[in-house]
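The sequence and structure are shown first.

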Amino acid sequence: MVLRGTVMAEHVTEPYVVGLEAIAGELLRGKWCVYLHEWLGDELDLPTWQAEVAALAEYAGVEVCFVEIPRKDMTLVANVRALPSFEQVTESVAALEHYRGLGAGSRSVVFRRSAQ
């Protein structure tokens, strides 16, 4: 399932959902990912998920960084050559908190795009 967003001047777009396999491609396009830890479920842990993302990104030629947001139970994944601003990350976290409040049960990844 993919929920598409629209670009808005000076803001990040609405979140949309993509699968693990699409992360590297999204990062190459200047997007970033904020991942809710509850999506890990019982069969996956955060270090394993990060290793999978890093391996897929490396295969695609993307150098990634991970920033855990422990008080929000989220992890930011970004292309080190296209890092989001503090304001974009703040907006993304707020959007995901709203998304979380809607009872989203997906284990997919939500990305945000910067207006450029």
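## Nonpolar core

A nonpolar core is here a set of buried Ala, Val, Leu, Ile, Met, Phe, Trp, Tyr and Cys residues joined through side-chain atoms within 4.5 Å. Buried means under 20% relative accessible area. The model under discussion is predicted.

Its largest nonpolar core has 26 residues, and W49, M74 and V77 have the most contacts inside this core. Two or more residues each come from helix 1 (23-28), strand 2 (31-36), helix 2, strand 3, strand 4 (74-79) and helix 3 (86-101). Strand 2 gives the largest share, 5 residues. In soluble globular proteins, nonpolar side chains tend to be buried together.

## Helix 2

Helix 2 consists of 15 residues. From its first C-alpha to its last, helix 2 reaches 21 Å, close to the 21 Å expected at 1.5 Å a residue.

Which residues of helix 2 are buried? They are L46, W49, Q50, V53 and A57. These residues cover an arc of only 100° around the axis, which puts them on the same side of helix 2. An α-helix has 3.6 residues a turn, so residues three or four places apart point the same way. P47, E58 and Y59, on the other side of helix 2, are exposed. After helix 2 comes G61, which has a positive phi, near 85°.

## Aromatic pairs

Rings of Phe, Tyr and Trp pair if their centres lie within 6.5 Å, and planes over 60 degrees apart count as edge-to-face. The count by this rule is 3 aromatic pairs. One of them joins Y35 and W39, with 5.5 Å from centre to centre and 80° between the planes, and this pair is edge-to-face. Both Y35 and W39 are buried.

Why is the pair of W49 and F66 edge-to-face? The ring planes of W49 and F66 stand at 70°, with the centres 6.2 Å apart, so the pair falls in that class. W49 lies in helix 2 (residues 46-60) and F66 in strand 3 (residues 64-69), so the pair ties together parts that are 17 residues apart in sequence.

Y35, W39, W49 and F66 together form one aromatic cluster.

Note on methods
Residues are numbered from 1 along each chain as its sequence is written. Side-chain values use heavy atoms; hydrogens and water are left out. Rings of Phe, Tyr and Trp (its six-membered ring) pair if their centres lie within 6.5 Å; planes under 30 degrees apart count as stacked, over 60 as edge-to-face and the rest as tilted. Buried means under 20% relative accessible area, exposed over 50%, partly exposed in between (1.4 Å probe, protein chains only). Helices (H or I, at least four residues) and strands (E, at least two) are DSSP runs, numbered from the N terminus. The expected span of a helix is 1.5 Å times one less than its number of residues. The arc is that of the directions from the helix axis to the C-beta atoms.
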